[in-house]
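Keep the model open as you read.

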Amino acid sequence: MTLQLLEDARLVQQGAEARVYKATLNTASRPIIIKHRFQKMYRHPSLDVSLTKSRVAMEARALIRCLRSGVCVPGIRMVDPWEGIVGVELIDGPSIRSVLGGDNEEEGEDSEEPLDGDDQAYLRSHDISPEQIMRLVGREIAKMHAVDVIHGDLTTSNMMLRPARTSLPADSSSRLSLEVVIIDFGLSFQSVLVEDKAVDLYVLERAFISTHPDSEGLFSEVLDGYAEAAGNKAWSVLQRRLDEVRLRGRKRSMVG
């Protein structure tokens, strides 16, 4: 039945590990995004099934854990680990990559951009600055890390914007009319280690510098937002570890 659903769906992205489709479960439902981890012919069939089931289950568990803890992620619409399929809510909004003016590579789970032209007009129409958006990014990552979910592939392509749905505490960011939704948990895992959380942030930092070289200063807003949400004690520990991870990264770059 799930494979029949793919036949009627529209392919929006082809990757090395999975294909992403836009589909509807029935005529009365809203469109959803389906990620299909297709069979890898270079792997033994039984190993391929085992690895696919494991990755689908890990992705679904990460999403459920985030949803239960108030992290803004897509809602789950269907899971079929035997066929390697995860179906999630379609996020109707632009990626942060497009809003900040990244390059033209394909976006994450849903490459369907609802806006034409200058996507920063989207922020202006909601009276929100890029700095405020980056603080929201930091807050969502901190909430995700607080429940020990490591994303594994944090980039601005894997973060979407949509009109705010949730009721947040009464602080400066809670009055914003947009919220950040983290997508594509295909490489996620659970870990209590500060090291893994620091590496998660470092991956985003490197991706941000590479994709948005003219906006490098904005990344400090991500860290400020993270610190606000995590609290001084947790942030001070993570900040020290992040500095260590950065140092190791620079040494590797020098060695080549």
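Accessible area here comes from the Shrake-Rupley method with a 1.4 Å probe. By that method the protein exposes about 13000 Å². Carbon and sulfur atoms supply 52% of this area. Bear in mind that this is a predicted model.

Start with the overall layout. The protein has 256 residues, and 48% of them count as buried. Its secondary structure comes to 8 helices and 9 strands.

Next, go inside. The largest nonpolar core has 50 residues. Ile 96, Ile 133, Ile 141, Met 144, Leu 161 and Phe 185 are those with the most contacts inside this core. Helix H5, residues 130–146, gives the core its largest share, 7 residues. A second, separate core has 9 residues, among them Leu 6, Ile 32, Ile 34 and Ile 85.

Which residues is Ile 141 in contact with, leaving aside its neighbours within four places in sequence? They are Leu 154, Met 159, Ile 182, Leu 201, Leu 204 and Tyr 226.

Tyr 226 leads on to a pocket. Tyr 226 is one of the lining residues that lie nearest the centre of the second largest pocket. Lys 197, Ala 230, Ala 234 and Leu 238 are also in that group. H5, helix H6 (194–211), helix H7 (219–230) and helix H8 (232–255) each give at least two residues to the lining.

Stay with helix H6 for a moment. Val 203 sits in this helix. Val 203 has a relative accessible area of 30%, so it counts as partly exposed, between the 20% and 50% cut-offs. Arg 246 is 43 residues away from Val 203 in sequence. In space the two are 9.9 Å apart, C-alpha to C-alpha.

At 31% relative accessibility, Gln 120 is partly exposed. Beyond its neighbours within four places in sequence, Gln 120 is in contact with Val 99 and Leu 100. Pro 94 and Gln 120 are 26 residues apart in sequence, with 9.8 Å between their C-alpha atoms.

Now look at the backbone. Most residues other than glycine have a negative phi. Asp 127 has a positive phi, near 55°. Asp 127 lies in the loop between helix H4 (120–125) and H5. Asp 184 also has a positive phi, near 60°. The loop that holds Asp 184 runs between strand E8 (178–182) and strand E9 (189–190).

Are these two aspartates buried or exposed? Asp 127 is exposed, because its relative accessible area is 70%, over the 50% cut-off. Asp 184 is buried, because its relative accessible area is 19%, under the 20% cut-off.

Finish with the cysteines. A disulfide is a covalent bond between the sulfur atoms of two cysteines. How many disulfides does the model have? The count comes to 0, by the rule that the sulfur atoms must be within 2.5 Å. Cys 66 is buried, with a relative accessible area of 0%. Cys 72 also counts as buried, at 5%.

Definitions and conventions:
Residues are numbered from 1 along each chain as its sequence is written. This is a predicted model: local features need pLDDT of at least 70, side-chain atom pairs count only at pLDDT 80 or more; totals for chains, interfaces and linings use all residues. Side-chain values use heavy atoms; hydrogens and water are left out. Buried means under 20% relative accessible area, exposed over 50%, partly exposed in between (1.4 Å probe, protein chains only). A nonpolar core is a set of buried Ala, Val, Leu, Ile, Met, Phe, Trp, Tyr and Cys residues joined through side-chain atoms within 4.5 Å. Helices (H or I, at least four residues) and strands (E, at least two) are DSSP runs, numbered from the N terminus. Contact means heavy atoms within 4.5 Å. On a 1 Å grid over the protein atoms alone, a cavity is a set of points where a 1.4 Å probe fits but cannot get out, and a pocket is an open set with protein on both sides within 12 Å along at least five of seven lines; lining residues have an atom within 4 Å of a point.
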